[in-house]
Structure formats: structure tokens, C-alpha cells
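Welcome to this short tour of a protein model. Have the structure open beside you as you read.

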Amino acid sequence: MTNAGEAPDKGSDDRDAQNPEPLTPPPETPQNQPPPFEDINLFTSDTALQEAVTREGGSNVARELVGFGLVCGSSEAYDRARLLGEYPPRLRTHNAQGTRIDEVQYHPAYHDLTAIACSESLHCAPWQHLANNASEVTSDNTPTQDRQVSRAAGLFLAAQVESGHLAALSMTNAAIPAILKEPDLAKSFLPKVLSRSYDAASSPAAEKRSILVGLGFTENQAGSDLRNSITRAVKVGNGGASSLGSTVYSLTGHKWFLSAPMSDAFLMTAATDDGPACFFVPRLREDGGRNGITIQRLKRKLGNRTNATAEVELSGTHGYLIGMPGEGLSVAAAALMQLRLDCSVMAVASMRQATAQALHHAEHRKAFGRPLGEQPLMGQVLADLALDTEAATALVFRLARSFDRRHDEQAGAWMRLMTPVTAYWTSKIAPALTAEALECVGGNAYVEETPIARLYTDASALSLTAGSGNILALDVLRVLQKEPDVVNIVMDDLGAAAGDDPHLRAAHQRIESILQDPRALDLRARTLVEALAVLAAGTILRAHAPSAIADAFIATRMGSFQRQTYGQGIDWADTQAILERATPSN
């Protein structure tokens, strides 16, 4: 040891300190990090999706879906989605001269993704056959059979990339039956709605080559209760006759949630002296001026931020009457029915993408000397996620088929009852599943530049778009009360599909016991709705999925084992077979 005041020893230790060994620089490529989940065909890599589409009648568009799966799974698509998250829509209320313009500005990536989706007819596919004969349109026109299934498949792929840009397209598709109620209105606007191009210009609808249509039903004081609208509509002078053949009304009031406010027109509900009515409301008038729609603000939402949602005031807003005064609720209900199918499809798409991201991560990340997915606990969690994802996929495509075949008594009953049932179940399990997938991926998943973080917040937002859980459950109760034959048809269908499977038979009997005690239905509505969804999904898997999938789903979701989180009660199952089926692979 050197004493105070002494010179330090000039030995080897000092020479080592003066000439340390150079440190090894960190590798340019981080070690043990999975590659990005991109440049993969989202259709051909998803066995459950391919089988569901074929089974429910969409095999005729398989070639198109293969091509679209490549587009949606490309690195370019994921990069556009990332840009949308980083540059959300912005409201520009006035131009440089101080004129009120109320325009929402989007990042160019929003328009790119919207144009791609329009080219696939995601805004109008069931009605595309009307594109060349709009002059012959009548209110009796029906969608082309099996186009709901094929469109749902395209929506399923696009929503895995980013769901916000699909809001305007989903609402447009839902609005088409209402437009068809007014043949003169349809002759003027339907060719533009059915165009597979996308025109982002802020111009009058009559001047554009294509238009999108939004929905404006919700109000501050009433929420989903359309019967209590305070927006009022009165006929314009001279009886309200228009050159389009539809009666013109002037609307005054507000809309609390108006998504995709740059749509070229909207379906809006308002009260008239003769009852609630629905109107086709252009955003701009024929001279290019604003049509009395003033954007107060854009909502700062929990999720789905790339889809602008505005609060608007209406003053002297011209709208074309659809149907008759007093029919507004039925027109809106038909649009909401279609919207709920879309929300269910997009919720399950988020589940599939979250599960695929988790599987991809576990396949490439090593922990304790072997791939993460080979760890027993992780394997069970991933397999459990895959079970709900495949079951929900099967259920939404069976629902899409019922929309295609709604004129058949059995399919029509399924559509009527199982639309709110499916929307309820998928909207409830999607956020929980995505949260579990986040945990499987670990810390990286909680960084918002990664796709899976956006999937989680968007899955939460989709649940409210379809309607809150209680609203959906109440809709099911209304079917029970007003259309008991519908319920009987579906229950008979499920009973036959249950066959001799003991779990399915027991689940069916539990539902029957609930239905036989009508006094308790208000209290047990959510139990009933969830039980219907799980039983329906289970019967489809039993009939069509491999036994490893069907056995594990039915036993864990309908058996006596009580579970609160994923990864429990399936230690006996063939998890390897479940994982091999769910793992994305081209």
C-alpha cells in the first residue's frame, strides 16, 4: 500500500490501468430479439381463417384474398399503420383568410390505406353488382349471396394492420340499404358509393368520382337511445321537394359522436312532428359551401385514435328524407346491425393479430436456453389464446353467412339473435386476450410504436362502437320478448349441433333453464348472452375443427373448472397440436 506523500508504484497494475483492454462494443443488431412480424401473408398463414371462409361460402374469392393477405402483411402496410399512430388527425377550423372550413387533416398514410381498402370493395362488396345498373335500383334489391363472407374476410385482413381507417368504409357499407330505400337518391349517389376508387378531395358529392357515407345517430343526452333525439328536422319551404325526388328537411341540433367527419355524407336521425326520421345529409352543399355542420372539437379517445371522431352542431343543415317520418329508428337499426357484424369481425381480427404476434415472439425469443414457446407455462398460455381466437373466428364467419342468407328462415333467425350475442362476446374477450398477448411479448409490447400496443387500445374502443355490453344484452332480451320464434329456431339449431357431446348438451340445457325463468332474465341477461356465444362457437368447432381444438375449447369453456385468466386447466390438452395450427406460417 502506498503511504501518504509517496509516489505510486510503477508496476504492472499501473501499466494495466493506463492501457486498459478495449471494451467489446455492443453488437449493431440487438441479440435475442425477434425479427419484425411482417412480410407474411395474413391469409395463407392463418389456417382457421382459410377454413372458415371456405366453410361459410367464400371460397370463390380465395385467390383475391391470397393477394390481399400479402398486401396487408407487408412491411409497407405495417409502416403506414405506425405512421397513423404517430400522426393522428388534426382539426383545421379556419383557412388563412379566416373562413370557417371545418376540415380534418390526415397523414397521407391514412389515405393510402383507405384507397387500398376501397380497391378491395370493403365499403360496398355485398352491393357491388348494382354498380352498372344504378338507374334500375329499387328498394327490393338484395346483396349478392356470399359477398358478406368474402367481405368479412377482407375486413379481417385489413383490420389486423390498422382498424381506424376502416371506420368510414364500414359505415358506408352499413348505409347502402338506407340509400336504396330512395331510388332517386340512389340513382344520384349509389354509383359513387359503389366506386372502387377513393377520392379524398373536399368537394361536393356530385363532383366526386367516389364518396363515403358516415353515420350520425348518437347525442349527448340520449346516447344509444335514438327515441329521445333533441335534433329537430322541419321541411324546407315549398313542401321540401327536391330535384332528387326526396323531401328536403332542415336539421337543427347536435351529434355527440360523429366518426369519420370528412365523409362526403352522413345518415343522421332527427325528430319530426310525425316521429323520428332518418336523413341523407351531404357534408357540403352543391355550391361547395358548408352544409351547416360545425365541428366543435375532435374527441381524445382511449383507442382508435387514427379515426377522427367529432362533436358537431347542426344549424340549417339540409338533409334528404329516407323512407317516411316515423321510420327513422328501423332505418338506423338496420345500419347498426351491419355495423355490429363489422365490429365483431374487427375485434376477432385484433385477437388473431395479437395471438400471431405473441406466437412469433415466443418462437424467436430464447429464455433459459430454449425458445420461449417451448417453456411449458408459456405454451399453455399461447395455446389458450389460440383456442379463443379460433372459436371467435368460426363464430363471426358463421354470422357473416347468416347475413348472406338472411331470407332463409333459419339464417335470418341466426342473424337476428346472434348478431348482438356475437358482438357482446367478441368485444368482451378481445381486450382481455390482447392484454394477455402483450404480457407474452413482454416489455417491448408496451411501447406504443409496436403494433400490439395499438391492438390493445383499439380492441377496447371497438367494444363501444358495437354497443356496450348492457345495450347488447338488452337487445337480446328484446328479441326474446318480441320474436320468440327466432329464439326457438336458434335453440333448436344449437341443440341439434350439440349432438351427444356431454359438455355441449349440458350447456344447451343451462341456457334452456335460463329461458324458462323469464322473471329473472333481466338479471341473468349477460350470463345468457355469453352462454349462447360460447355454445354456438363450441358447436362449430366440434363439427369442423380438429379434435385437439374442439376438445380443449369445449372442456375449458363449458366444463366445471373455474378460471379467471388464460393458461389454466389445459395441462391435459394437446397444446403442441393447438400451437402448430395457430402459428403463422406461409
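Which helices are included in what covers the buried residues of helix 5? In this predicted model, the cover includes helix 4 (75-86) and helix 7 (167-180).

**Helix 5**
- Helix 5 covers residues 108-119, which makes 12 residues.
- From its first C-alpha to its last, helix 5 reaches 17 Å, close to the 16 Å expected at 1.5 Å a residue.
- The buried residues in helix 5 are A109, Y110, L113, T114, A117 and C118.
- Just after helix 5 you will find S121, with a positive phi of about 60°.

**The second largest pocket**
- The second largest pocket holds about 960 Å³ of space.
- It is lined by 28 residues, and W425, E530, V534, R557 and R563 are the closest to its centre.
- Helix 11 (409-441), helix 15 (502-515), helix 16 (521-544) and helix 17 (547-558) each provide at least two lining residues, and helix 16 gives the most, with 7.
- By type, this pocket's lining has 13 nonpolar, 6 polar and 9 charged residues.

**Cavities**
- There are 8 cavities of 30 Å³ or more in the structure.
- The largest cavity has a volume of about 130 Å³, and among its 14 lining residues D46, A48, R352, E390 and A582 are the closest to the centre.
- Two or more residues of this lining come from each of helix 2 (47-55), helix 9 (328-364), helix 10 (376-404) and helix 18 (575-582), with helix 10 giving the largest share, 4 residues.
- The lining of the largest cavity divides into 5 nonpolar, 5 polar and 4 charged residues.

Definitions and conventions
Residues are numbered from 1 along each chain as its sequence is written. This is a predicted model: local features need pLDDT of at least 70, side-chain atom pairs count only at pLDDT 80 or more; totals for chains, interfaces and linings use all residues. Side-chain values use heavy atoms; hydrogens and water are left out. On a 1 Å grid over the protein atoms alone, a cavity is a set of points where a 1.4 Å probe fits but cannot get out, and a pocket is an open set with protein on both sides within 12 Å along at least five of seven lines; lining residues have an atom within 4 Å of a point. Grid points are joined across faces, edges and corners, and a volume is the space filled by probe spheres set on the points. Ala, Val, Leu, Ile, Met, Phe, Trp, Tyr, Cys and Pro count as nonpolar, Asp, Glu, Lys and Arg as charged, and the others, Gly among them, as polar. The expected span of a helix is 1.5 Å times one less than its number of residues. Buried means under 20% relative accessible area, exposed over 50%, partly exposed in between (1.4 Å probe, protein chains only). Contact means heavy atoms within 4.5 Å.
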